[in-house]
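Let's take a walk through this model together. Have the sequence and the 3D view side by side, and we will go from the overall picture to the details.

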Amino acid sequence: MPGLSGYAIEQLGLRNDVLAFDLVGQGCAGALPNWQLADALLASGRCDHVLSICVEVCSAAMYLNDDPAC
């Protein structure tokens, strides 16, 4: 199952040699490590441009009982 980055690359028509990283399990704080990775890639000189997309996937929520309304 491809990560969300694969779908974004395909929908945006990006080249197939694009570096893509799916940072998962970060919750609503996911933007910070995403931003840090983008900064590190730019600082390394390996990349001239970085596209950073953060998505909160609510369907990945963990429920402690059988009632999702709780």
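Counting contacts in the protein between residues at least 6 apart in sequence, 28% join residues at least 24 apart. Keep in mind as you look around that this is a predicted model. Its secondary structure comes to two helices and zero strands. Of the 70 residues in the protein, 9% are buried. The accessible surface comes to about 6200 Å², and carbon and sulfur atoms account for 58% of that.

Now turn to helix 2, which covers residues 31–44. Within helix 2, Asn34, Ala38 and Leu41 are buried. Seen down the helix axis, the buried residues of helix 2 fall within an arc of 65°, and therefore line one face. Just after the helix, Gly45 takes a positive phi of about 85°.

Finally, have a look at the surface. Leu4, Tyr7, Leu12, Leu14, Val18, Leu51, Ile53 and Val55 form a nonpolar patch there, with about 740 Å² of accessible area together. One of these, Tyr7, sits in helix 1 (residues 4–12). Tyr7 counts as partly exposed because its relative accessibility is 44%, between the 20% cut-off for buried and the 50% cut-off for exposed.

Note on methods
Residues numbered from 1 in each chain as written. Predicted model: local features only at pLDDT ≥ 70, side-chain atom pairs only at ≥ 80, totals over all residues. Heavy atoms only, no water. Helix = DSSP H or I, 4+ residues; strand = E, 2+ residues; numbered from the N terminus. Expected span 1.5 Å × (residues − 1). Buried < 20%, exposed > 50% of the residue type's maximum accessible area, 1.4 Å probe, protein only. Arc of directions from axis to C-beta. Patch = residues over 30% accessible without salt bridge, like charges linked within 9 Å, V, L, I, M, F, W, Y side chains within 5 Å. Areas by Shrake-Rupley, 256 points an atom, 1.4 Å probe, with all protein chains shown as cover. Salt bridge = Lys/Arg side-chain N within 4 Å of Asp/Glu carboxyl O. Contact = heavy atoms within 4.5 Å.
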